[in-house]
Each structure stands twice: as C-alpha cells, then as structure tokens.
Amino acid sequence: MTVDLYQTPLRYGDAYDELSADGVTPRPHWARLMESLRAIGPEELGRRCVRAERRIRENGITYNIYSDPLGANRPWEIDIVPFLIAADEWRVIEHGIIQRAQLLSLILEDLYGAQSLLSSGRFPAELLYANPAFLRPMVGVRVPAHSYLHMLAVDLARSPDGRWWVLSDRTQAPSGSGYALENRTIVSDVLPNVFRSSNVLRLAPFFRAQRDALTALSERSNPRIVLLTPGPHNETYFEHSYIARYLGFTLVEGADLTVRDRSVYLKTVDGLEQVDVILRRVDDSFCDPLELRSDSLLGVPGLVDAIVAGNVKVANALGSGVIETAAIMPFLPGLCRHMTGESLKLPSVATWWCGQSYALDWVLKHLDSVVLKPAFPSRGMEPVFGAKLEQAEKGKLAARLQAQPHEYVAQEQIALSNAPVWGNGHFYSRSVVLRAYVLNTGNGWTAIPGGLVRVAEAEGSVVSMQRGGHSKDAWVLWDSPVDTFSLLHPRNQPVALRRELPGVPSSVADRVFWLGRYVERAENTARITRTLISRVRRAGQEELGCLLRLHRSLKSRQSKLPKAKKRRATALEFEHELVSIISDVKRTDSLAFTLSEVSRVGNSVRERLSADMMILIGQLRTSIQIGRDTQFAEYPATLTLCLELLSAFSGMERENTTRGLGWLFMSIGRRLERAIYLTRQLREITWPLGEQDWPLLECLLEIADSSMTYRTRYYTTLQPLAVLDVLMADESNPRSLDFQLAHLADLYQRLPRRLPSDLQAMRDALALLRSFDLRTIGYTLPGDPAAAKDSEGLARLGSVLEGLERLLPSWSDNLSSRYFSHARTLPITIGL
Amino acid sequence: MIYKIIHRTTYKYKYPVSVGSHVACLKPRSLTRHRLAQSELHIEPSPATMTERVDYFGNHLSFFTIEEPHNELVVEARSQVVMEENEPLLTQSSPPWEEVVKSLPQDHSPSTVEAYQFRFESPRIRIRPEFAAYARQSFSPGRAMCEALLDLTARIHKEFRFDSKSTHVRTPIEEVFRKKRGVCQDFAHVQIACLRSLRLAARYVSGYLRTYPPPGQPRLVGADASHAWVSAYCPGIGWLDLDPTNNVVPSNGHVTIGWGRDFGDVSPLHGLILGGGAHTLKVAVDLEAL
C-alpha cells in the first residue's frame, strides 16, 4: 500500500514525519486511519470539514488573539485529521511527564519551604531571587501535601531522530485541556466509524479525576469550587466557561469574590457563600492586589491571607509560576537524580541559562544557532532568533546579555516533526507540538491520554496559538480495552437527585438582567423602525407627524433630527435617521449597538445559556449587517429576520430555561424594559387626538403585534379608547402594560432579599392603573363641546403614566444596588 | 535611652468606604542597635478582623479589615524602643568592593544567600548602566567597600536636593535621578539602584529619625516624619546602614521598622478600599526621648 495522499511537499528538511518513515508507506499505527480517510474520499471529507467548522461556530468555540486587529472571539480552528500516538510510545511519554510533574512539585516544595536547594547550590539563587514569579508571601505557607501542582502542562516536540523533547513547562494556570476536550467531541463526531474502531483512550476519566482531586483538596464533603477567570477578554475565556460547565463549577471573576474574616466568599444574590477551592486561570501575581501586584484588577484582596490561614485552597498553588522559567532546564537532570534518585526520562530541549558564565560565553559565540528568550516569561520579551539579526543588533544583544546575564536563556532550535493536515481537498504536512497534561490526583499522577496538538500556520514556522494556527485532536491508540465513560452521561454511578441550584453570583445576575433588557430593547427598536420604515416613503405630512411622534417615544439622545421646537424634520432627514438608528454601531441607542451588547453580555454568561441560545446570539450579531449599497426598501425584510431570531430567543427563554434565579433576573429585565417603552408609547395617546393622528394608533397596534386582537374585537374602527384598552388595560394581552406590571410584581416577589417597598410600589402602580375605568374617560374628538371636561380624565391618566415612567427606572436602579453593585465596584489602592 | 514613638495616619474619604483591607508595617524590629519594648496599634473605626504576621524579610505586618461604612480611617501606632550603644560597623576595615561583587554569588553561607536576593531588580528599582556609571565615581577600582559606600552616600547628599514637592510615592527612580531632587525614599531608591547596578546587594530600610528643634525653641509634637535609608551587604561584616538624606551612618538617632527590596515591601500603611472616591492623607510622627 502506498501513501498517495500528500500532494504538496511530501516532507521537508530532515524533520521527523509522523505519518511515514519513508514517505511512501504509513507507519503501522497510521494505516487504519489513512485507509478510512481514503475510503471517505476528498468530497465527503470536505463536507465533514464544513460540518466541523459549523459546529465550532455554533458552539461558539473561540480563542481571543490579543494582537488580532479583527478583535477578540476568533473562531477556534481545528484540523479534522487526528494526531496518532501508539500505545507503547504513549507509555514512554506518560512516564516521562509524570516523573517531570513529580520532580517539579518537589522543587516547588523546597523553594517555598526549607530552600535546601539554594544553600546546597543545586538551584541557582538568581532563578529564585530575580524571578518576578517568586512570591515571597507564600514562603512557609502550608500547602496540602504535595499539591503545589494540581495540573502541569508540558509542550513536547519530536526531533528528527524520533525522540520526544520538552520545550516548555506550564506550571501555574495551564490552558488548553478544555480545547482538547472540545476537539475530541468534534473530531469523534466527524469521523465516528474510525474513532469507534480505533480503540482510542477516552478523555473523560481524566476530567472526572480532576473534579475528584479538586474536591479532595477541601476537608469539606461537598465543597464549593469556583473557577477564577480573568474575564471574557482573556484569550482562553471560552475554555474557562467550558470547563466550569463541564465540571460543574461556578465561573467567577475576581470581583465576584471577597475575603471576610480570612475566608473567601462568593457574592451571590442570596448573600455571601463560602468558597473552599479555587481553580485559577489568573496568573500568580495578579491573584491578590493587597499582597501581590497592587495594580491587579483581576484578583481578590486578602486571598493570600486566606490561604495562609488555611481557609481556602488554590490550584495551582500561588507561586508555582516560579519554575515556569526555561532557565531551570539545564539543572533538571541533576535535580532529578538528587531528589528522586532516578535519571530524567524526558530530556528538555538544549537550553543555556546565561547566568552561568560558561553558558554565557558559549551563547555569545553561537548566537546564530540559538533562540534567545527572557529567563522570566513575565518580562514580555519576544523570542529573538540569533540567525536573523544584523551585525549591529547582535552587538546590542550581546551587551544586554553581559549586563544582566541571569535574565536570558538560549535554546536550540529544534526541527519539529510533521503530521498530515487536511485542507483545500488534499493532505499536506505541518510542524506540530503536543501539549500534554498531568494531573495530581492526591494519590498519584495521571495524564490526559493525548492532549492538545498545535499546528504551525505555515511550513516550519513557530507554533503558537497566540500567532494563529490550528489545533488537532490527539488519539492514543490503546492495546487493551478502554473505558468509555463520559462525564456528561455517567452510567455506573448513582446520581443524587437535586433540585436546588447553587447561588447565582451577583455579576451573573447583573449580566442576565441586562441580557433580558437588551434583547427586549432590540426587539422594541426593530419593531418601531420596521413600522416607521414601511410607512415613511408613502406618508403625507400629517402621517409623517405621527411617525415623528413615535420616533420621539424612543427618547433618543443621539438622534440626527432637528429639534422639534426649531423645525419639523423632512421625510428625507427622517429616512436617514431611521437608517442610522438601525445600523450605526457608534450610536448607543441603535439596533446594531444593542445587538452587539446582546452578544457581548451573552458571551460573558455563556456557561449559563443553552448551546442553542448561544447559536441564536451568534446569528443575531450578524443579522443586520447592512452594507452601503443596501436599498432602503430592503430594510423591513432584514428587520423581520432579526425579529424572527429574537422571537426564537424569547421562545427558548420561555420554554427551555429552568426557572432558577438566572431566569428570574432575565425575565425581570425583560418586563422592566418592555414596560418602560410601552409607557412612553402610551403617553403619546393620552392627550386629545384628532383624526389626523389616527395613523399613530395603527402604528402602536402594529408595534405591539396587537393589530389582530384589535381587529377581531373592533373590526376596522380605530378608536383611541379601544386601543388604550388593548395596549394598557387588557391583562390577557402579553404586550399590555397591565400584563408587564402584573408579571413584574410576580417575578420580583420571588427574589431573595427583595425590597418590600419596591414590591409594594409595583403593586400600587398596578392597582392605580386598574382603577381607571376607561369607559368614563370619554375620549372625544377635539372641537366637540364636551372635549374640554372629558380631557380631564385623560390628563389624569397621562400623569399616572408620567409617574410610572419615572418609577420604572428607579426599580431597575434599586435592583442594581441591592443585587449587583458590590460585584461592580473595583477596589482602589491606597498608600502605595 | 528609650524612645516613645507615635505614628498617626489619617485617611479622609470623600464618599463612604464600604470595605477596606489594609496592611500596616509600623512595628519596629528588634536588632543589635535597638530593641522593641512595647507596641500597640489603635485603629478607628475598629477593625472587623486583625491578624499579625511576620513577612518573608522578618518584618512585623498587621492585616486588618474594616467592614462598616466609614469616611475616615485613623491608624495610630505607639511604640517604645530601647536604644543600645553600638559602635557603627563602618569604622571596620573592609575588602575592595570588587571582591564583594565576586563573592556574593559564590558564597553559599546562609547570611550571604539571604543577602543575595537584594542585588537584583525589584518592582521599583531598575538596574541601569547610568546608575552604575554614577556609582563608579565613588567605587573606583580597588577601593575599600566601606570607604566607597561612604563616598557615594556623601555624593548623593550633596548632589541631590531635598524637595518634597518634586516627587510623589510613584515617581520612577529614573526621573528622580534625572531631576536630582526628591525625598528620603527617593534618595534611598537611587542609592540602592546604584549599588545593585554594580552587582552589590542593597536593601531599603524604613524607620524613624530623631530630630532636634532649632536651638532655643521647643520640640514640636508630631512634626517628625517617617524616614528611609539604605543598607548594603558586605560578606564577613554584615549589613551596613547609610543615610543618604542626611549623610550619616545611622546610629542611636535612627529607629528601624523593617526592610525589604524597596519601598513596596515595607510601605507603612497600604490597602484596598471599596468606594471612597477622592481621599486625603495626613501623617504625623512624634519621636520623643524619655
């Protein structure tokens, strides 16, 4: 059998080819996969790639690239050809990385404990003392037995001779395991048959072990575990929310936590709840602005003291970043023999730490053949390839090395191995790096079978997710039966039935409340503008006046229309204003802006929303992309599409969402928002109307989607009173003001710690509204002799609505200060 | 001789602070030069929690949180320190400074390993060729360590001007060096940067200085301030204190609270507050010989 799958360069350089030793025959463990990929054929593979990409977009898998001008939330890119590792080879890697984890863990224990490695000179003091990741407050702090490292990630590369080498260690908040899990879900879905028949080691047992290990860190039987994220702007935020949801932890940001009496608490809408274990994705020194970096906005003031007091466990332990430096690599073989009595199983890539004088001399002589990096990653220096430097630059670099040699390491450039990648209808080969993960279970160590494979963007270039590039699933092809347990569907464990949900963090309640308000605001804006746009071109002067009044009910501060007092806007000006209020993202009252807020807020609470809701949010964001050449007449159709998506979202919210606190806040947001704009619109018809104002009534019915209701009751006669009855008083109409207030009060009274005064005010407002007998108002046409006295009742209704218009936002403010405010305030540093 | 010290810090906030977490480093250390006899901390409003801890450098830290809304925070540290009569170490003969540079990384004795951490950059102190060049005018080849140290101290005293208006607590050291103006904290930072740029170990010392009223005038209560100076390490001799602000070798007029890599490690009082808005700070120190 021959490999005819590669079309572009078969192999390049002397790099190791994962697929084939001779470029013709696949290695034995690749044969089955390549055979079945060939059987599937290029057309079908292409279709499956499209399916995989769609799933990635739908699941909202993203990776934020800081330097990407296109902005955050770039879709994750994945290659559907898995990376294969044979069982025997995996055993070698597994033993190597587990030994490495044990060794690094022992080194950390010594550096933060007795420091015997310093006094014996086995560990260079510079690498501790000059290292910004050395956290002095953590020295001597009791950390649960051998748990400095909860998880270690190791980047591995294969050299031309087929050996695996360690490129770097990630010791403080290793990322990527969640992406590995998501890659597995997608690739096993795209290639189900070959996955089933290949006896691939499953990932779920690893995550089960991770959950157990974190649970065991606390002495409590049912500990509260949170995942601390830097927030939605972080490059791997998707993964944080994914892991939190998968493992059942609460996703929190620093501002969600507070330290009281040397313990850590989560601020929830029910009050403070103690936190026992923190799985952190925030870098070491940012975790506590009181004792570590005072400029950090990501941490929890007092966290270090809570750790010192033993009241909270953090994984990985604070300070573990100190051994993330590549500068320790030259010392690991010696340290391994000294501390474990074994020799180091997996070598590190050749590394020279310039703090050693002979290493500095060697590096200065061989600048051309090495990559120079900062010894301490937080210095933020980009790797420098010596061979690419001009002579003058080399001189400058040499001077920097000599001035502070301990700040630099040089590493050999390794020729990375190549693996097959599928794209544009053929296979080609790309450099790969395997990120492997080891977990400390408390009783030993276990590795993710496989890991995350990262693929270089172009031939032979640097492999880094921060620079773009793909990733791959890694399959360990096992030689005995595998456990097919999945964490999402555990079979063999009895489940304790539970209904009560853990407390909702204040910040989450805040966001879902605003998600509710923004979705409703988007719908209102879309409905009003659609109604206006479909009429403005054929409207006469009188009708245009009505349309302008409706626009006024939006209370737009960024309106482009002339002030009503000055002169009346022309139809053309009004058209421009409507286009602007739909599509101008710079206006905070535009539909486009509101939808981008829906997307932003939705993404920040994605672990609380269903996958289908996230898909809708993604579609909403792009639903009104309007180009320069979009015809005015096309707008209503675009708005209708947007409204369909919004309705689908409301449907899911109503039919598919558990009635927990999150739902409660979202629904309250919705009711408040709808009540606010409804009140504004109703006020437009609480003064005497003339016949010329009739179109206003028609528009209002259309906006409230109540034209049908009206017509079945009153046929075609448009009467202000009847319209008021439908839109204000009819408690059976879900678009009426009565309905909003009744439901608002009902939802509000279900909140914990609610304000009795606000609940009473809501009920009073409803009662007041209901006390109006619309029949007695006697709406008469102007000019009628009865008009003067009859308009009195109308004016009273107007002032009631005016009062309500002030009350509604105050309820929203009170809600904010009662439930959300403490999650919003950022601490200020004083005295430093 | 016994000193009674009262160090009173007052923060006034424009809006109420709902929660404040603070760290105070206000309790003098005991060392050969002096011994702490008594110390207490009075805090208003009274803290919800209060913890004492000895930090990595051996300084006494007090952690406290205030969990009731307050517009004003008053922290008053009262201490009594017994001064011992000591011969200043600087009169001893010392090796050439280059030998000190050489022996620092090689000597694995506990005190030198401990001292070695003070020879690197720290959050507020950079190592720069211009600092090294400035220092070399005092640290000429082969010059004895103590002699060179005294000379550098005298030069900083002479060439830098005391000016409390020109800098603030966050002024970068490069700017102080360029302007040649600042306060005791800035001079200490500059001298440390000079020494570390020569690969010597130097640390920042926070403390108090006894002041004397002009002849014939009464001592003004609370007119003193907290002070800062420098300590440099010489293997075989130990730590040598130097006060560049006054060009003196600290002796029985200087009371040491603590030391660290720079001001950030021994800030007398810092914290994080929720709310508060703008604030004003007032510090009054009173050092009285009993």
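Predicted model: local features only at pLDDT ≥ 70, side-chain atom pairs only at ≥ 80, totals over all residues.
Residues are numbered from 1 along each chain as its sequence is written, with chains lettered from A and ligands numbered from 1 in the order in which they are written.

I then looked up strand β9 (residues 226-234) of chain B, which five bridges join to the antiparallel β10(B). I took strands (E, at least two residues) and helices (H or I, at least four) as DSSP runs numbered from the N terminus; two strands pair if DSSP finds at least two bridges between them.

Next I recorded helix α4 (residues 145-159) of chain B, which packs on the sheet and touches β9 and β10 of chain B. Its direction makes about 25 degrees with that of β10(B). Contact requires C-beta atoms, placed from the backbone, within 7 Å. Angles run from 0 to 180 degrees between N-to-C directions, with axes fitted as lines to C-alpha atoms, for helices over the stretch in contact.

I traced the whole open sheet as β10-β9-β8-β11 in chain B, with antiparallel pairing. β10 (238-242) and β11 (254-260) of chain B each have a single partner strand, so one side of each is left without a neighbour in the sheet.

Finally, I turned to chain A and listed 27 helices and 22 strands. Its C-alpha trace spans about 105 × 65 × 65 Å along its principal axes.

Conventions:
Contact = placed C-beta atoms within 7 Å.
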